[in-house]
Amino acid sequence: MLVLITYDVSTTSAEGRRRLTRVAKKCLNYGQRVQNSVFECILDPTQFRRLKYELEALIDKEKDSLRFYNLGENYKAKVEHIGAKSSYDMESPLIL
């Protein structure tokens with residue numbers, strides 16, 4: 001299933017900037033960045049639960065926020081892209 005993850009991490013302190021870096025790196029482990037704080041991730045239900053848990057542990061719930069949009073299995077009909085930074089098909093074979 002495709003999950004869209006967005007986040008807003010307060011960067012007014014050095015610790016906030018570290019949290020932002022950690023959240024971005026964690027999301028990169030699971031998907032592709034499509035905008036600064038937006039990631040598309042192809043996940044199975046177990047991966048989704050694990051990623052939510054890991055991200056929740058990284059943020060400060062008083063200052064930061066996470067949003068998860070589950071677009072499901074038939075996401076290709078639900079996503080339209082216009083402009084620069086086109087994405088790659090995460091489900092296609094990777095050819096090196």
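Predicted model: local features only at pLDDT ≥ 70, side-chain atom pairs only at ≥ 80, totals over all residues.
Asp8 has its place in strand S1, and, when residues up to four places away in sequence are not counted, Asp8 touches Lys63, Asp64 and Ser65.

With its neighbours within four places in sequence left aside, Lys63 is in contact with Asp8, Ser10 and Arg19. A C-alpha to C-alpha distance of 9.4 Å separates Lys63 from Thr11, although the two are 52 residues apart in sequence.

The protein has 96 residues, of which 30% count as buried. Among contacts in the protein with a separation of 6 or more, 65% are accounted for by residues 24 or more positions apart. The accessible surface of the protein comes to about 6800 Å², and carbon and sulfur atoms hold 50% of that surface.

Helix H1, residues 14-28, has 15 residues and reaches 21 Å from its first C-alpha to its last, which is close to the 21 Å expected at 1.5 Å a residue. Within H1, the buried residues are Gly16, Arg19, Val23, Ala24 and Cys27. Seen down the axis of H1, these buried residues fall within an arc of 130 degrees, so they line one face of the helix. As for what that face meets, the buried residues of H1 pack against strand S1 (2-8), strand S2 (31-35), strand S3 (38-42) and helix H2.

One of the buried residues of H1 is Arg19, which counts as buried because its relative accessibility is 7%, where the term requires a value under 20%. Beyond its neighbours within four places in sequence, Arg19 is in contact with Val9, Ser10, Leu58, Ile59, Asp60, Lys63 and Asp64. Side chains of opposite charge can pair when their charged atoms come close. The side chains of Arg19 and Asp64 meet in a salt bridge, with 2.6 Å from N to O. This pair links distant parts of the chain, with Arg19 in helix H1 and Asp64 in the loop between H2 and S4, 45 residues apart. Both Arg19 and Asp64 are buried.

The side chains of Lys26 and Glu54 meet in a salt bridge at 3.4 Å, N to O. Here too the pair links distant parts of the chain, with Lys26 in helix H1 and Glu54 in helix H2, 28 residues apart. Lys26 is partly exposed, because its relative accessible area of 23% falls between the limits of 20% and 50%. Glu54, at 22% relative accessibility, likewise counts as partly exposed.

A further salt bridge is formed where the side chains of Lys61 and Glu56 meet, at 2.6 Å from N to O. Lys61 counts as exposed at 54% relative accessibility, whereas Glu56 is partly exposed with a relative accessible area of 40%. Elsewhere, Glu15, Arg18 and Arg22 are linked in a network of salt bridges.

Helix H2 also holds Ala57, which is exposed, with a relative accessible area of 61%. Ala57 and Val23 are 34 residues apart in sequence and 9.7 Å apart in space, C-alpha to C-alpha. Val23 is one of the buried residues of H1, and H2 is among the elements against which the buried residues of H1 pack.

Terms used: Residues numbered from 1 in each chain as written. Heavy atoms only, no water. Contact = heavy atoms within 4.5 Å. Buried < 20%, exposed > 50% of the residue type's maximum accessible area, 1.4 Å probe, protein only. Areas by Shrake-Rupley, 256 points an atom, 1.4 Å probe, with all protein chains shown as cover. Helix = DSSP H or I, 4+ residues; strand = E, 2+ residues; numbered from the N terminus. Expected span 1.5 Å × (residues − 1). Arc of directions from axis to C-beta. Salt bridge = Lys/Arg side-chain N within 4 Å of Asp/Glu carboxyl O.
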